[in-house]
Amino acid sequence: MSRPTARAVHLVSRPAGAPTAENFAFVEESLPALAAGEVLVENLYQSVDPYMREEMDEGGWELHAPLEGRTLGRVVESRADALPVGAVILHRQAWRTHSVVTAEGAFLLPEFAGVPLSAHLSVLGGTGLSAWVGLTRIARLQPGETLFVSAAAGGVGTAAGQLARLLGAGRIIGSTGTAAKAARLTEHLGFDAAFDYHDGPIADRLREAAPDGLHVYLDNVGGDHLEAAIDVLRDHGRIAWCGAVAQYNRPQDPPPAPRNLFDVVGKSVRLEGFLVRNHIDARPELYDFLVPHLRSGAVVPDETVVDGFDHVVDAFLGMLRGANTGKMLVKIAD
Ligand SMILES: NC(=O)c1ccc[n+]([C@@H]2O[C@H](COP(=O)([O-])OP(=O)(O)OC[C@H]3O[C@@H](n4cnc5c(N)ncnc54)[C@H](OP(=O)(O)O)[C@@H]3O)[C@@H](O)[C@H]2O)c1
């Protein structure tokens, strides 16, 4: 049988500062014959994520080699009994149109009638799970509490806002990079207040939005956002530290640590970092909680979907610049 050739993207140089399209190259890859336990997958959707910027630095992804990332694909050839032709799986062989995946490296997606497939990379995927774990396991958000989310108009941020509303949060405040994205948070995504972080000192904007202080901060940005949140947190507040997108483009020169870090002691604040990959066991909890809300339409996955594998690099670079609202995805095939 004639085998398809995969189109793929490789990293060909490492960026100094913000990456550009020249750091990547599109290549053709021939696909090997399948070994026992392997499947050939036609990829349908790929996620582009901020952590990938860190992988571009020394010690991360290899140059001129296959890359990785979360991808949804349909099995088109199978030598694994558990993954028949037609099965739709989540795997990590991203940045290519077709992938050879082992059964151990594949997660067979549950079918949730009425829920779009792409949700398995956004609100039901690692992105939504990060928000869920940050709110429920790390910060232990309680009904009525005031929550601040940074990078609020992105994938984790919009999932966090919608989940927090359903969990009974009191006031939900978000920061983002433009006034239009801030307006979208309050008009469509359940936030009570939102601001553009370019509009003056973040702590001032936060105090206006939360005059009684914050109980919980879900930090996606680090740097000046973290410092401002520590200022405005109430005694016994909690910080779930999810990411630090403000520093990924400047590994040699990260933003200074919060100058008020010792206030964590004075206010008895709990600051805890987490990686979602250590909480994969929470996935069934998220499904049980969220799928009924997705089916009823109470939650609509917030996604920016870029069409076509040719645009995967543009989608990644655009996400780092804030071109997305909600989760940035690339649609590779129907
Ligand atoms: N701990 C974990 O296991 C885990 C898992 C998933 C994600 N994360 C982290 O969660 C955060 C959000 O990830 P995501 O996938 O949902 O990405 P995202 O928020 O959808 O996209 C990144 C967003 O970051 C914002 N941004 C870029 N540069 C910034 C800067 N200098 N200061 C403030 N904001 C900036 C941009 O929006 P604006 O227009 O608002 O600037 C952009 O849309 C990232 O830090 C990521 O590393 C952690």
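Modeller: Residues are numbered from 1 along each chain as its sequence is written. In this predicted model, local features need pLDDT of at least 70 and side-chain atom pairs count only at pLDDT 80 or more, while totals for chains, interfaces and linings use all residues, and side-chain values use heavy atoms, without hydrogens and water.

Biologist: Thanks! Why is threonine 158 called buried?

Modeller: Buried means under 20% relative accessible area, exposed means over 50%, and partly exposed is in between, using a 1.4 Å probe and protein chains only. Threonine 158 has 2% relative accessibility, so it counts as buried. Its place is in helix H3 (residues 155-166); helices (H or I, at least four residues) and strands (E, at least two) are DSSP runs, numbered from the N terminus.

Biologist: What does threonine 158 touch?

Modeller: Contact means heavy atoms within 4.5 Å. Leaving aside residues up to four places away in sequence, threonine 158 touches Ala152, Ala153, Leu185, Leu189, Asp302 and Gly326.

Biologist: And histidine 215, is that buried or exposed?

Modeller: Histidine 215 has a relative accessible area of 19%, so it is buried. This residue is found in strand E11 (residues 214-219).

Biologist: With which side chain does the side chain of histidine 215 make a polar contact?

Modeller: A polar contact is a pair of N or O atoms within 3.5 Å; within protein, one must be able to donate a hydrogen and the other to accept it, and residues adjacent in sequence count only if both atoms are side-chain atoms. The side chains of histidine 215 and arginine 234 make such a contact at 3.3 Å.

Biologist: Let's turn to the ligand. Which residues are the closest to the ligand?

Modeller: Val156, Lys181, Tyr197, Val276 and Asn324 are the closest of the 25 residues that surround the ligand. A residue is near a molecule or strand if one of its heavy atoms lies within 4 Å of it. A backbone N or O atom of valine 156 lies 2.7 Å from an oxygen atom of the ligand, and an N or O atom in the side chain of tyrosine 197 is 2.5 Å from a ligand oxygen atom.

Biologist: How do you know that the ligand lies between domain 1 and domain 2?

Modeller: Both domain 1 (6-121 + 302-331) and domain 2 (126-277) give residues to the shell around the ligand, so the ligand lies between them. The domain bounds come from an automatic or database domain assignment. The C-alpha centres of these two domains lie 28 Å apart.

Biologist: What makes H9 largely enclosed by the rest of the structure?

Modeller: Seven of the ten residues of H9 are buried, so this helix is largely enclosed. Val312, Phe316 and Met319 are among them. Glycine 322, which follows H9, has a positive phi near 90 degrees.

Biologist: Why is arginine 140 called partly exposed, and what is tryptophan 95 called?

Modeller: Arginine 140 has a relative accessible area of 48%, so it is partly exposed. Tryptophan 95 has 0%, so that residue is buried.
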